[in-house]
Amino acid sequence: MDHRAMIRHGPAGATLLRCPARRDIVNPLLDGAGHFSIGKGSRMNILSVEKISKSYGTKRLFSELSFGIAEGDKIGLIGVNGTGKTTLLRILVGQEPADSGQVVYANQARIGYLPQNPLFDPDSSVLEAAIQGTSAAMKLVREYERQLQAVAAQPGDPALQEELLRLGQRMDEAGTWQLESEAKTILTKLGIQDFAVRVGTLSGGQRKRIALAAALINPVELLILDEPTNQIDNQTVDWLEQYLRQRSGALLMVTHDRYFLDRVTNRILELNEGKAYSYTGNYSLFLAKKAELEELEQALAAKRQNLYRRELAWIRRGAKARSTKQQARIERFEDLQAQMGEASSHGQLEMTAGASRLGKKVILIEGLGKSFAGRTVIRDFSHGFQRGDRVGIIGPNGIGKSTLLQLIAGNLQPDQGVIERGPTVKLGFFTQEHLEMDESLRVIDFIKAVAEHLPTADGGTISASQMLERFLFPPALQWTPIARMSGGEKRRLYLLRVLMAAPNVLLLDEPTNDLDVQTLSILEEYLEEFPGVVIAVSHDRYFLDRIAGKLLVFETSGRILSLVGNYSDYLEYQRRREEAEAQEGTAAGPPLPVRPRTEGETAGKARPVRLSYMEQRELEGIEPAINQVEQELAAVNAKIVASGSDYLLLQELTAAQAELGRRLEEFMERWAYLTERAEQIAKNKT
């Protein structure tokens, strides 16, 4: 590549080989700059990172990172909260300097950026905010829109109408009508209908969607997005996923949405302990490759451990450095000891499931109703929560999901109906805002204010400091003021504070926002083992598929459907209902797969006269699943017989045998239950 056609940003914003006609990349949402022009080529690097490092005080985020982004790359940037993902993006777009190293941009390409917390002129209209950018086309569209508003305000002014006509002709000549149309289409897809409303009157979630529209509308070669799926509902995420998959330009994004990563990306860039690791493929392939590497590392660690024991025994026998050979062996032992220390210091987030005792009565809702300013958000809703429930709450933004959690928590009072909580219920509420965080507090004091120790599921206890370490807050960081932490670290700390109170009913309002994918995976494992009840509002499809056994689906006019299954089951149900409506020409659709009600809910009501849709579907597929597991178990048993004295292989096969046996037992129990229910229903009919 001709380095005369490159722009380099070095430490403290220093620029080398600057082209006279170019300027630094800036945030399009702060000053209307939209993007930065750089050249094109055949699979050329749009951006190259050369040995950049960044620290804040004594905390080093990353050291000498080097990587490139080429045309066609769709990269997911992942890493534990606090590793510097957002900082890296800000360095790449020139909003923050690196301590050392440089970022090199190819000439004449353009880069668009969506920050986590976009800023706007509060007096600008939605459309004006969305069509930021310094290109002549973008300026012309903004000018035309402003003139259109002026004419609407003074429709009888001929001078204004004449100017509007002149701008319309310029739009014809420049061919920019499509740009305006695309802007309105994208805003509509993102749930923004009123293009003239002032940005200052909108919620944070609505402003984030406008910022996302601004990033998507600008024609750029590289699009950099920081948490684009935050604060948008599932349907909008589905649309954005398809849009980015079809988009031809390069993409670099930070997101916690694992389905999104899986379906959009073709490369994963992981920040881990100050270094960057690149994996070709989507998120699923990354997980597979990561697992292979971890297995290899474990095998190498085991070999190092054995070698370390032998060398330690040699050292303890009193080996003296009388010869060069012995001195070299002592030096090798010291190097090995250092490696062992590094291996043991690698952070691994762990959670211990613990909760207060929960009685038989949990939460019973009868005839619940709630309205705001004449708009009904919840209408005549009745539901009973039972021990062990894992309930996901879904629906469009602003429809009332968070309101339901606030009503259950007692922070809001219903207009109609009652909510009864059992005497042993101890609520833990993880909100979106975590308003109670005093950022002047030190990390350890913030947690100790709730409890010094947490009871664990096995009857023991764990200290606040130990829990902080398990949440990747090492001792040095525990004495740091909260204000110095990243947004994701604060979110993780707030989650720990909720869990330290040992609740037995967890209310989670968008728990996946701003949490890294590693933390989310461990959180899901924790929730699977949690002995109480989990009620979660979430737009994260992967999270809902993994933890939810039931769904509460908000529909229009305040109606809430209660369905059995996870999010993928819900999508299948929606598909079948739409097919039935198309065939029958009616909006009724097939019978809703409503879950079996509790005794408290069914007083005076007949029990269901047939299996629900989800149960019938499960019964139809369970026998083939049992056959498959039995075949796999037989194959493993045969391999065990043939394994001979291969201890490592035998160990693996025995573990597989135990897991298959457990799965077979679960399938058989579920098959017996469903078969018995179907037979009982058949008897009742006769």
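This short talk walks through a charged surface patch and some aromatic pairs.

Hi everyone. A word on ground rules: this is a predicted model, where local features need pLDDT of at least 70, side-chain atom pairs count only at pLDDT 80 or more, and totals for chains, interfaces and linings use all residues. Residues are numbered from 1 along each chain as its sequence is written, and side-chain values use heavy atoms, leaving out hydrogens and water.

Let's start on the surface. E292, E294, E295, E297 and E652 gather there in a patch of negative charge. For a patch, residues need over 30% relative accessible area and no salt bridge, and like charges are joined within 9 Å. A salt bridge here is a side-chain nitrogen of Lys or Arg within 4 Å of a carboxyl oxygen of Asp or Glu. Helix α10, residues 283-316, gives the most to the patch, with 4 residues; helices are DSSP runs of at least four residues, strands of at least two. E652 sits in helix α21, residues 647-685. Its relative accessible area is 58%, so E652 is exposed (exposed is over 50%, buried under 20%, with a 1.4 Å probe and protein chains only).

Now, how many aromatic pairs does a search of the whole structure find? There are 7, counting rings whose centres lie within 6.5 Å, with planes under 30 degrees apart called stacked. F430 and Y494 are a stacked pair, 5.1 Å centre to centre with 25° between the planes. Because F430 lies in strand β16 and Y494 in helix α16, this pair ties together parts 64 residues apart in sequence. F430 is buried at 0% relative accessible area, and Y494 is buried at 1%.

Finally, Y279, Y283 and F286 form one aromatic cluster. Thanks, everyone!

Technical notes: Patch = residues over 30% accessible without salt bridge, like charges linked within 9 Å, V, L, I, M, F, W, Y side chains within 5 Å. Areas by Shrake-Rupley, 256 points an atom, 1.4 Å probe, with all protein chains shown as cover. Lys, Arg positive; Asp, Glu negative; His and termini not counted. Charge placed at Lys NZ, Arg CZ, Asp CG, Glu CD. Phe/Tyr/Trp six-rings, centres within 6.5 Å; stacked < 30°, edge-to-face > 60°.
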